[in-house]
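Please read them with the structure open.

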Amino acid sequence: ENLLKRIILLASRENDVILDPFSGSGTTGIVAKRYGRKYVGCDLNKNFLEISQKRYENEVKISRKNGDKK
């Protein structure tokens with residue numbers, strides 16, 4: 001996550017869209033969400049997509065609970 005954070009913060013601005021064509025478990029999407037970026041991820045493996053979606057939904061719940069509007 002720390003490496004992805006550095007890359008995302010250096011290579012994008014808030015509200016930019018981050019594309020991850022091999023999203024795996026969705027870590028890039030989680031980090032993008034935390035730093036105000038939008039995220040599009042895809043993967044051929046349906047199991048990874050389900051894991052990624054659940055992780056992202058959980059991140060949204062946590063951020064709303066903490067009062068974040070991103």
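This is a predicted model: local features need pLDDT of at least 70, side-chain atom pairs count only at pLDDT 80 or more; totals for chains, interfaces and linings use all residues.

1. Helices α1 and α2. Helix α1 covers residues 2–11 and helix α2 covers residues 27–34. They pack at an angle of about 55°, and their axes lie 10 Å apart.

2. Residues between α1 and α2. Helix α1 contributes L4, K5 and I8. Helix α2 contributes T27, T28, V31 and A32. By class, the contact of α1 with α2 has 4 nonpolar residues, 2 polar and 1 charged.

3. Helices α2 and α3. Here the angle is about 20°, with the axes 9 Å apart. Angles under 35 degrees count as roughly parallel, and α2 and α3 are therefore roughly parallel to each other. The crossing of α2 and α3 is right-handed.

4. Residues between α2 and α3. From α2 come T27, G29, I30, K33 and R34. From α3 come R55, Y56, E59, V60 and S63. The contact of α2 with α3 divides into 3 nonpolar, 3 polar and 4 charged residues. T27 deserves a look: it is listed in the contact with α1 and also in the contact with α3.

5. Aromatic pair. How many aromatic pairs does a search of the whole structure find? The search finds 1. The partners are Y39 and Y56, and the pair is stacked. The ring centres are 6.4 Å apart, with 25° between the planes. The pair links distant parts of the chain, 17 residues apart. Y39 sits in strand β2 (residues 38–41), and Y56 sits in helix α3 (residues 46–65).

6. Y56. Is Y56 buried, partly exposed or exposed? Its relative accessible area is 30%, so Y56 is partly exposed. Y56 also belongs to the α3 side of the contact with α2.

7. V17. This residue lies in strand β1, which spans residues 17–20. V17 is exposed, because its relative accessible area is 54% and the cut-off for exposed is over 50%. Leaving aside neighbours within four places in sequence, V17 is in contact with K38 and V40. The C-alpha atoms of V17 and L3 are separated by 18 Å, and the two residues are 14 apart along the chain.

Note on methods. Residues are numbered from 1 along each chain as its sequence is written. Side-chain values use heavy atoms; hydrogens and water are left out. Helices (H or I, at least four residues) and strands (E, at least two) are DSSP runs, numbered from the N terminus. Buried means under 20% relative accessible area, exposed over 50%, partly exposed in between (1.4 Å probe, protein chains only). Contact means heavy atoms within 4.5 Å. Axes are lines fitted to C-alpha atoms, for helices over the stretch in contact, and angles run from 0 to 180 degrees between N-to-C directions. Ala, Val, Leu, Ile, Met, Phe, Trp, Tyr, Cys and Pro count as nonpolar, Asp, Glu, Lys and Arg as charged, and the others, Gly among them, as polar. Rings of Phe, Tyr and Trp (its six-membered ring) pair if their centres lie within 6.5 Å; planes under 30 degrees apart count as stacked, over 60 as edge-to-face and the rest as tilted. Angles under 35 degrees count as roughly parallel, over 145 as roughly antiparallel, 65 to 115 as roughly perpendicular and the rest as oblique. A crossing is left-handed if the near helix is turned anticlockwise from the far one by less than a right angle, and right-handed if clockwise.
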